[in-house]
Amino acid sequence: MRRAWLAFLLAVTVMGARAAPAGPWITPAEAAQFRTTPSYAQTLAYLQRLQQAAPNKIKLETFGITPQGRPMTVVIASGDGRFSPDAARAAHKAVVLVQAGIHPGEIEGKDAGLMLLRDIAVSGRYAHLLDHLVLVYIPVYSVDGHEHSSPYNRINQNGPESMGFRSQAQYLNLNRDYIKADAPETLAWLKLWQAWLPDFLIDVHTTDGADYQYDLTWYTEDPHKLDPLIAAWQRTLMEQAIPAYEKLGHLASIYLEFKDGRDPRKGIENFGSGPRFSTGYAALQNRPGLLIETHMLKSYAVRVHAVYDLLRVVLDDINRNPSALLAATRQADADTIARAGDAHAHVPLTFKLDPTPTPFELKGYAFTQTHSDISHDTWIQYDPNKPVTYRIDNWNGLLPDVSVTPPVAYVVPGEWKTIIDKLDAHGIAYRRIGHPMKEVAATAYQLDQPTWAAQPFEGHLMLQSFTLHAHPVEVTLPAGSVIVPMNQRAANVAMQLLEPQAPDSLLHWGYLDAIFEAKEFGEPRVLEKLARDMLAKDPKLKAEFAQKLHDDPAFAADSRARLNFFFMRSPWYMVQQVGAYPVLRVDAAQLANIATK
């Protein structure tokens with residue numbers, strides 16, 4: 001009862017004069033006093049009414065079809081009827097993409113968006129927000145997941161009464177799909193992104209995890225993942241937006257990923273965003289992104305109004321000075337293009353936690369820790385009646401780990417259509433060669449000792465580790481091979497797809513697993529003779545074999561492994577090119593040589 005009363009008081013404080021309107025423009029969630037959230041059909045019906053009432057400000061478009069055949073709807077909101085990317089760019093307007101319902105159980109962004117669009121386009125209360133920007137709004141990203149509604153989809157969450165399911169109809173988590181782009185929804189989103197090329201992305205979610213006082217947490221990508229101008233703009237935005245947001249009666253924090261969920265006093269750390277996530281993908285595209293995470297234990301009314309208020313604060317900030325954002329994204333794109341072939345450039349592929357924490361004040365609650373005879377672990381229980389501020393360590397900072405120098409271009413042999421299709425999905429420019437080319441000089445990777453995960457993840461068995469070394473090669477390229485230049489604004493995306501060590505590379509996702517498979521094997525009776533011939537001719541090999549037998553008991557006990565030791569060092573194995581990574585790197589001279597062929 002105490003929690004319910006506190007939630008009611010917070011809702012009253014937050015809503016203040018913004019009480020739900022009576023009459024025809026009350027949203028379905030407001031009409032239900034936020035006990036429920038509308039179906040997709042009800043959501044579209046409300047948006048269609050907005051479009052009819054304000055056709056010069058609101059336009060609905062279909063940008064894709066879900067696996068179950070539902071339309072994916074995007075709302076274009078403009079102050080002066082500029083509803084196309086070209087018109088927005090010609091008017092020097094910032095483009096802000098706000099998306100809700102990528103995880104449809106976390107649906108505050110949909111209901112907050114309906115309210116905000118009404119107050120922009122119909123009541124005119126916040127019409128000024130669109131003076132210098134165009135809002136591209138996806139009310140429900142995962143539509144099939146949204147319609148898979150149940151009271152039991154979110155065990156950790158306080159309302160609404162029924163909500164959507166985390167994955168789409170093919171059981172793919174769309175917020176792990178940005179770079180691999182398996183889902184039809186992702187392919188549609190990528191086309192929308194490429195058409196509009198937004199200047200800023202906002203992705204709305206709800207937390208899981210601990211209990212604390214904040215009604216909302218937020219996350220932006222680490223500065224090391226961004227062009228310096230983008231990082232500086234993003235930092236300034238949040239330094240201005242969060243205090244303004246809290247003046248409206250809210251309490252906000254940076255994203256809280258606890259090192260140990262059983263004891264929040266042990267500190268917080270970076271949750272590990274990357275190219276598979278929305279804001280991580282935006283960073284690759286030289287665009288700032290904001291992840292909003294409302295607190296799952298606050299009432300649905302409080303959570304919706306939290307999103308509503310932060311959205312209008314952020315939009316207001318951008319609208320007042322769009323030129324700063326436009327200048328930052330324009331220069332970041334130019335810097336990426338100019339970087340191609342720079343021998344001194346180092347592009348991080350992976351990141352590690354900064355070992356030096358910073359102090360952080362956590363506005364949490366008192367809690368108890370007891371031993372559980374069920375789980376045989378520590379059971380933490382929070383007391384929301386006892387707010388407590390804890391001084392803890394913050395390990396959110398990241399540092400570059402594995403970095404590479406970008407080539408002038410990559411070369412993808414024409415037979416690797418899977419790779420080329422992914423380049424197409426991400427709008428990466430390339431030149432296709434129309435005839436075979438012999439004696440093409442390049443740098444290749446040899447990959448050995450692969451290991452895979454024990455369990456599938458998002459429909460793939462991830463490649464976990466391998467050894468890598470680069471070496472010069474001369475190859476023959478078939479007609480249909482593609483040259484992928486790095487002097488393009490999407491170069492960072494190409495590198496994350498094509499560099500083997502990138503955590504979300506096509507290699508890591510398992511699209512190239514076949515390169516690790518030998519297709520011919522020696523019969524044991526044949527390998528017995530081969531081994532004796534090789535031992536007789538190569539004393540170093542004989543010593544290496546003896547050392548392996550001494551150091552590796554499992555190897556010594558495995559008759560097949562002992563024979564394969566020799567087979568894998570023979571020309572009969574080498575000719576199969578097992579572990580030869582098909583994507584090549586070329587420098588300026590090598591690219592010029594290709595151009596002459």
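Colleague: Why does tryptophan 452 count as partly exposed?

Modeller: In this predicted model, tryptophan 452 has a relative accessibility of 32%. Buried would require a value under 20% and exposed a value over 50%, so a residue at 32% counts as partly exposed.

Colleague: What makes phenylalanine 516 count as buried?

Modeller: Phenylalanine 516 has a relative accessibility of 13%, and because buried means under 20%, the residue falls on that side of the cut-off.

Colleague: How many aromatic pairs does a search of the whole structure find?

Modeller: The search finds 26 aromatic pairs. In one of them, tyrosine 255 and phenylalanine 271, the ring centres are 5.1 Å apart and the planes stand at 50°.

Colleague: Why is the pair of tyrosine 255 and phenylalanine 271 called tilted?

Modeller: Stacked needs planes under 30 degrees apart and edge-to-face needs over 60, so an angle of 50° leaves the pair tilted. Tyrosine 255 lies in the loop between strands E7 and E8, and phenylalanine 271 in the loop between E8 and H9, 16 residues apart. Tyrosine 255, at 17% relative accessibility, counts as buried, whereas phenylalanine 271, at 23%, counts as partly exposed.

Colleague: What makes the pair of tryptophan 452 and phenylalanine 516 edge-to-face?

Modeller: The planes of these two rings stand at 85°, and their centres are 5.7 Å apart. Because planes over 60 degrees apart count as edge-to-face, the pair receives that name. Tryptophan 452 lies in strand E18 and phenylalanine 516 in the loop between H13 and H14, so the pair ties together parts that are 64 residues apart in sequence.

Colleague: How do you know that arginine 118 forms a salt bridge with glutamate 30?

Modeller: The closest N and O atoms of arginine 118 and glutamate 30 are 2.5 Å apart, and because a salt bridge needs the nitrogen within 4 Å of the carboxyl oxygen, the contact qualifies. Arginine 118 lies in helix H5 and glutamate 30 in helix H2, so the pair ties together parts that are 88 residues apart in sequence. Arginine 118 is at 5% relative accessibility and counts as buried, and glutamate 30, also at 5%, counts as buried.

Colleague: What makes the contact of arginine 287 and aspartate 333 a salt bridge?

Modeller: From N to O, their side chains are 3.1 Å apart, which lies within the limit of 4 Å and therefore qualifies. Arginine 287 is in the loop between helix H9 and strand E9, and aspartate 333 is in helix H11, 46 residues apart. Both residues are buried.

Colleague: Why do glutamate 499 and arginine 585 count as buried?

Modeller: The side chains of glutamate 499 and arginine 585 meet in a salt bridge, with 2.6 Å from N to O. Glutamate 499 has a relative accessible area of 0% and arginine 585 one of 15%; because buried means under 20%, both residues qualify.

Definitions and conventions:
Residues numbered from 1 in each chain as written. Predicted model: local features only at pLDDT ≥ 70, side-chain atom pairs only at ≥ 80, totals over all residues. Heavy atoms only, no water. Helix = DSSP H or I, 4+ residues; strand = E, 2+ residues; numbered from the N terminus. Buried < 20%, exposed > 50% of the residue type's maximum accessible area, 1.4 Å probe, protein only. Phe/Tyr/Trp six-rings, centres within 6.5 Å; stacked < 30°, edge-to-face > 60°.
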